[in-house]
Amino acid sequence: ASAIELRGLHKRFGRDTVALDGVDLHIQAGEFFTLLGPSGCGKTTLLRILAGLEEPDQGSLMVGGKELTEVPPHRRSVNTVFQSYALFPHLSVRDNLAFGLKMRGLPAAKRDAKVDEIADFIKLGDLVDRRVDQLSGGQRQRIALARALVCEPDVLLLDEPLSALDAGLRSQLQVELQRLQKRLGMTFVFVTHDQDEAMVMSDRIAVLDSGNIQQVGAPNDVYERPANAFVARFMGHDNLFAIHRSEGDWVETEIGRLRLLPDEQRDTADGWLLVRPETLELGPEVPEGYNRLEGIVRERLYRGSRIEYRLEVNGQAVMAVASNLGQRIHREGDEVTISVCPEDLVRVAA
Ligand code: ADP
Ligand code: MG
């Protein structure tokens, strides 16, 4: 496995499109690293630069301590799996897997041995003599992966490899892919626009917006401590409330006055307060030291294991989630007292 070091990468297409706007990243050897961001934010461009399919306008790129910017694609110890499988449909699985090895001039006997090994490894041993067009989508994606692995690259790049699959298969392959990466100890750079997929698979995530890295961190860091409002929204947080004024332990927000813990206190008022729906308690009693708000239930969504409430607090929509375990169920139109512990309130930069 190799570490990857990217410094000051810039890439522009034509005059107006800035695909990468100064990207610095350090990816550790053997890490499952994910680039996460909306469509058009520059994820594929970054991978293509790593693969050598695109040249950066500025910046440097090192893999395993070696400067790569000038090394042509086929000399890089980097392989790519794309969203479209890019397999030869009329060839057998064996011929598809052997293709890269053949290009590298490996003799037939060695090729066969390697293909059998990788096919067993990825649990496709009994399919090697089938034609690719006789296989399911999930099997094809596994073969695309095996084909990228068979040349034993130091780094594997994966550009949304699961996004064409249906939900069930997708979550199965998420788990398999993550196990495989840990077993091989290879560096994976994985691209997705799906924050749940990123959280479940990655050691670390880089969130990108318009060619800029917004935050790099472990899944729980990025989710629980988003660096700014863009990251918070992209990670799926709905309850972000503007802070109008700060005063000691207290902040004045769109939904009311709330007490924060000392480490959340800041002199500036600019920014947002993040309130996770599962931290709001609905009920008449307010535990000691908790913040108290008053609201009205505007909507109730039954989700089986939990119940979601859309509340109105001080004219603002606030989401709350309660587990569906012997809790009192509130109805639309009910007035409710809401408790929230200062510990659960997080300040997010603008
Ligand atoms: P993502 O993979 O995150 O969806 P891309 O890296 O594909 O984003 O694209 C980033 C930006 O660069 C987009 O605005 C896209 O339209 C533009 N872009 C990407 N490739 C090209 C190209 N070959 N020519 C012109 N514009 C491009
Ligand atoms: Mg893309």
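## Helix H4

Helix H4, residues 137-149, comprises 13 residues and spans 18 Å between its first and last C-alpha, close to the 18 Å expected at 1.5 Å a residue. Helices (H or I, at least four residues) and strands (E, at least two) are DSSP runs numbered from the N terminus, and the expected span is 1.5 Å times one less than the number of residues.

Because 10 of its 13 residues are buried, H4 is largely enclosed by the rest of the structure. A residue counts as buried if 20 or more other C-beta atoms lie within 10 Å of its own, as exposed if 12 or fewer do, and as partly exposed in between, with C-beta atoms placed from the backbone. The buried residues include Arg140, Ile143, Leu145 and Arg147. Their packing partners are strands S6 (78-81) and S7 (155-159) together with helices H2 (93-103), H3 (108-121) and H5 (167-184); contact requires C-beta atoms, placed from the backbone, within 7 Å.

## Model and numbering

This is a predicted model, in which local features need pLDDT of at least 70 and side-chain atom pairs count only at pLDDT 80 or more, while totals for chains, interfaces and linings use all residues. Residues are numbered from 1 along each chain as its sequence is written, chains are lettered from A, and ligands are numbered from 1 in the order in which they are written.

The mean pLDDT (the predictor's confidence in each residue, from 0 to 100) is 91, and 98% of residues reach 70 or more. The model scores ipTM 0.99 and pTM 0.90.

## Surroundings of ligand 1

Among the residues surrounding ligand 1 are Phe13, Thr17, Ser39, Lys43 and Thr44, where a residue qualifies if its C-beta atom, placed from the backbone, lies within 6 Å. Strand S2 (17-27) and helix H1 (43-51) each supply at least two residues of this shell, and H1 gives the most, with 3 residues.

By class, the shell has 3 nonpolar, 7 polar and 1 charged residues. Ala, Val, Leu, Ile, Met, Phe, Trp, Tyr, Cys and Pro count as nonpolar, Asp, Glu, Lys and Arg as charged, and the others, Gly among them, as polar.

## Ser163

Ser163 lies in the loop between S7 and H5. Ser163 counts as partly exposed because it has 13 C-beta neighbours inside 10 Å. Ser163 and Asp194 are 31 residues apart in sequence, with 8.8 Å between their C-alpha atoms.

## Domains

The domain assignment gives domain 1 (4-231) and domain 2 (240-348); such bounds come from an automatic or database assignment. The contact between them takes 4 residues from domain 1 and 5 residues from domain 2.

Technical notes:
Two residues are in contact if their C-beta atoms, placed from the backbone, lie within 7 Å.
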